[in-house]
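This report describes the architecture of a two-chain model.

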Amino acid sequence: MGTFTRRHALATMGAGAATLALWPRLGTAASGADSRLLVLMLRGGLDGLHAVPPYGDPDYARLRGPLALAPDGSQAAWKLDGTFALHPELAFAARLYARGDLLPLVAVALPYRGRSHFDAQDCLENGTATPYGAQTGWLNRAAATLLGRDSLALTAVMPLILRGPVDVKTWSPPLPKAIDPVLLQRLEPLYGEDRHLAAAFAQACARKDTGYSLLTEDEDGAAAGSDSAMAAGARTASRGDAAPRLPALMKVAGNFLALPDGPRIGFVEDYGWDTHANEALILGRKLRELDDAFAAFYDAAPLAWSRTVIVAVTEFGRTAAINGTGGTDHGTGAAMFLAGGAVRGGRVAGQWPGLAADRLYEQRDIPATTDLRSVFKAILARHMGLGEAALNEKVFPGSGHIAPLEGLLRT
Amino acid sequence: MADDPSPEAMSAVNRFGLGARPGERVPGDPVDWLASQLRSGPDGGAAFLGLSSSIDYMKREGEIARLARRRRGRSSSDNTDAGAASSGNPADLYRRSFGADLQREYLARWTVAANSATPFAERLVRFWSNHFSVSTDKFSARVYALPMEREAIRPHINGRYVDLLLAVEMHPAMLRYLDQVQSIGPNSRMAQRMPVRAEGAAARTRGLNENLAREILELHTLGADAGYSQNDVTELARALTGWSMPRLVADALDGGDVPARTFLYREAAHEPGARKILGRRYADDGQAQAEAILRDLAMHPATARHLATRMARHFVADTPPPALVQRIARAYLDSDGNLAPMYRTLIQAPQAWEPQARKFRTPQDFVIAAIRGASVAIGETPRPWEGALMRLGQPSLQPRSPAGFSDLADEWITPDAIYKRMQIAQALGERSPRQGPDAMARAYAVLGPRLDAQTRQALARAESQGQAIAILIASPAFQWRA
């Protein structure tokens, strides 16, 4: 076995690809404005009715059939109140809820009403009411009004939400090892048509989640040698043999945001939430990852927790009823989570419209009762200290009529 | 992309080239586009500027060898320097001395692959590089492997094959990889001078080595089934004795003069006498004896057939049409062993453009095409890309044998490989820039009219741009050079 090429090459893909931007030591002491904001974008359209099941809604069980969850079901969901519960895999989130650090919001949506992932995500990131309505992201424009502190994206390429006038650091995550099951689902019909490749693909899929074991080498090459918490986080994130990726990324995010002179704004994204088929299995896994992600951040940043708001948000919700393949299709009103010590949680926020047939948007979706921008604006105003004018004109242009949603935070 | 590109244009870009780059104009006349690259040759751009040459590496090897020897001398007399033993470890020393160079070499190669605007010429470079495989597994050849591609292959892909052949066989990478530097004629002056203690291992290591001679006949010229005998191999090995490179410590440093060339003919190691190969007699003409043999081998009809088969297999189909192979071989022989007429015959042949002409992308093809298709930046280190190839089973310049990597689909289509391609597709999806063409536009640019309805639908339904790029790269259509 060759020494150089083999070992070095094996030590790579992940950390080698990472452009590991060392966090600059700014030398400024933490000022009064020391709050932290982490936006966690769940791309694909999280099914709110599965993550935050409204078991008390009289129409829920009928619409959801085998996907329905309840506190007294065979798979016991965590009861939040008389109407809502949390998915059984969200155990840590349920504990956060119990101590008032988790605030689920229901029936929230963008002003955009189409059902395209691309367009909806563009809106969610550009902060306007229309796809491609701005070339920069609202989180960057918000950062532009915060003086002297950078933002951080834990992504390989700069996401739209953080593109803009302010310089943003990126910390590249290690490469994904397990294959997103949604990607496999999408590829399956394509490979079925290629007679040379169909059999190999079918066998490759049969191994499903064993992807982690394919890669045995520790992938952390570039992070070695730094003494900061970031390096520790980088090691954790890149080890990743048994651990899924999102929790590892959130741990890194926690390490960064907890630094006294670290970024005040962070961004993490995750994929694989588009559950048209086999949703119970896929979301079970994904929600467990999300739960671990909250825990990982909490463990990494215990001292920053009280000053932190994590916003876990998705581009749209899904249909109220399940489809014929054990999944749900693109919808409108969604669920989201605020987590952190600065959050006034322990209750479910947003106005629940109910799932009665005459309430559904276009006879299929949960209607939107809260504009997502009112949530973002509230957090930026009350938590990050942005002024009203900046919010209405720069960060969310043309949103003067959207008032910040009050009462989301402890003050 | 104003108009829909033709299937032929996409073949030129994908099958003859290294893969489409969205935003780059698709050639209007595919044959003309390929032919123009034969005229211009491969354009490495600025990527290779500042890299060391083999002679630089050789000089530095000499310095390292001298340093190591001095250290050994010191530690044997004075055992207090605990670090001496470990730091004198050749592998460590080598890595410290050449690690950064190797990184730069690989990075340059990846940069060229990702950005080349002469991708057909670049594919030819890689085709010949694989034809003349050396492996970096061979420690002593490692640092010369990439320079060999630059120095011996790139300048010669368009000329006479014999010039390419000679440049390669005289390059330190090949001389070392196939042990030619150690080969000594049993009746040479050098052998005569050797102590008579030669028994066992010593006898075997200081004598004739047939490795290079065998691979020249089997891989580089005639081909395995061309009917040459073991005696031909041995005779060629004898003729090749003396083909060597300077011994670093002895020749470069103790002797005073720094050698000006990496090739050194050692008359003293040369086996005296005439040689007989394939029935033909070659007088003992020193270094020129083997050269004369190689010149004849290059023009042998079996060599023409062998090269034509490999070429047609690489560009047209795993089992290429025999008539096409014959025509390419004919073009070679009719042009006094020139390569350009072979390429021209290939690209002008109707069989090369038929719909069923397609090749499964090898891992290297796949990763390069994916980088180009997804507009992913190579970055500052080759490690992620070499890592990807390692996983996919085709690490650069590290084949398992001198035969190089297989050019057959069956070798590469395995469940494990498909799985890993999906992993890599996913990773590239994350790294594809969000600005610029969206995934659907990329798919059109990359697959052209071969973008089928199902793939298009899957792309439209992707949950994010990143996933759409992953679908495109992991799609079966992308696995083929069609």
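A residue is counted as buried if 20 or more other C-beta atoms lie within 10 Å of its own, as exposed if 12 or fewer do, and as partly exposed in between. The model discussed here is predicted.

## Chain A: overall composition

By the burial criterion, 58% of the 411 residues of chain A count as buried. The chain contains 14 helices and 10 strands. Among its contacts with a separation of 6 or more, 71% are between residues 24 or more positions apart.

The domain assignment divides chain A into domain 1, made of residues 32-175 and 228-395, and domain 2, made of residues 178-214. The C-alpha centres of domain 1 and domain 2 of chain A are separated by 29 Å. Their contact draws 9 residues from domain 1 of chain A and 6 residues from domain 2 of chain A. On the side of domain 1 of chain A that touches domain 2 of chain A, 5 residues are nonpolar, 2 are polar and 2 are charged.

## The sheet of chain A

In chain A, 8 strands form an open sheet with mixed pairing, in the order 6-5-7-1-8-9-4-10. Its edges are strand 6 (168-170) and strand 10 (370-371) of chain A, each of which pairs on one side only.

Strand 1 of chain A (residues 36-42) pairs in the parallel sense with strand 8 of chain A (residues 308-314) over 7 bridges. Strand 1 of chain A also pairs in the parallel sense with strand 7 of chain A (residues 265-270), over 6 bridges. In strand 8 of chain A, A:Thr308 is the bridge partner of A:Arg36, and A:Ile310 is the bridge partner of A:Leu38. A:Leu38 also has a bridge partner in strand 7 of chain A, namely A:Gly266.

## Burial of strand 1 of chain A

How many of the residues of strand 1 of chain A are buried? The strand is mostly covered, with 7 of its 7 residues buried. In a regular strand the side chains alternate between the two faces of the sheet. In strand 1 of chain A, A:Arg36, A:Leu38, A:Leu40 and A:Leu42 point one way, while A:Leu37, A:Val39 and A:Met41 point the other way. The residues pointing in both directions are all buried.

## Chain B: overall composition

Chain B contains 25 helices and 6 strands. Of its 482 residues, 52% count as buried. Its C-alpha atoms fill a box of roughly 75 × 60 × 40 Å along the principal axes. Of the contacts in chain B between residues at least 6 apart in sequence, 72% join residues at least 24 apart.

Chain B is divided into domain 1 (7-24 + 359-481), domain 2 (54-177), domain 3 (180-298) and domain 4 (301-353). The C-alpha centres of domain 1 of chain B and domain 3 of chain B lie 43 Å apart.

## Two local views in chain B

Helix 23 of chain B (residues 439-447) has as its buried residues B:Ala439, B:Arg442, B:Ala443, B:Ala445, B:Val446 and B:Leu447. Their cover includes helix 1 (7-16), helix 19 (363-374), helix 24 (453-460) and helix 25 (465-474) of chain B. Just after helix 23 of chain B, B:Gly448 adopts a positive phi of about 60°.

B:Ser97 lies in helix 5 of chain B (residues 90-115). Why does B:Ser97 count as partly exposed? It does so because it has 16 C-beta neighbours inside 10 Å. When residues up to four places away in sequence are not counted, B:Ser97 touches B:Arg60 and B:Ile64. The C-alpha atoms of B:Ser97 and B:Arg69, which are 28 residues apart along the chain, are separated by 15 Å.

## Contact between the chains

In the contact between the two chains, 49 residues of chain A meet 49 residues of chain B. On the chain A side, helix 1 (4-10), helix 5 (117-126), helix 7 (181-192), helix 8 (198-206) and helix 9 (211-214) each supply at least two residues. The largest share, 7 residues, comes from helix 7 of chain A. By class, the side of chain A that touches chain B has 26 nonpolar, 14 polar and 9 charged residues.

Definitions and conventions
Residues numbered from 1 in each chain as written. Chains lettered and ligands numbered in written order. Predicted model: local features only at pLDDT ≥ 70, side-chain atom pairs only at ≥ 80, totals over all residues. Domains from an automatic or database assignment. Pairing = 2+ DSSP bridges. Helix = DSSP H or I, 4+ residues; strand = E, 2+ residues; numbered from the N terminus. Contact = placed C-beta atoms within 7 Å. Nonpolar A, V, L, I, M, F, W, Y, C, P; charged D, E, K, R; others polar.
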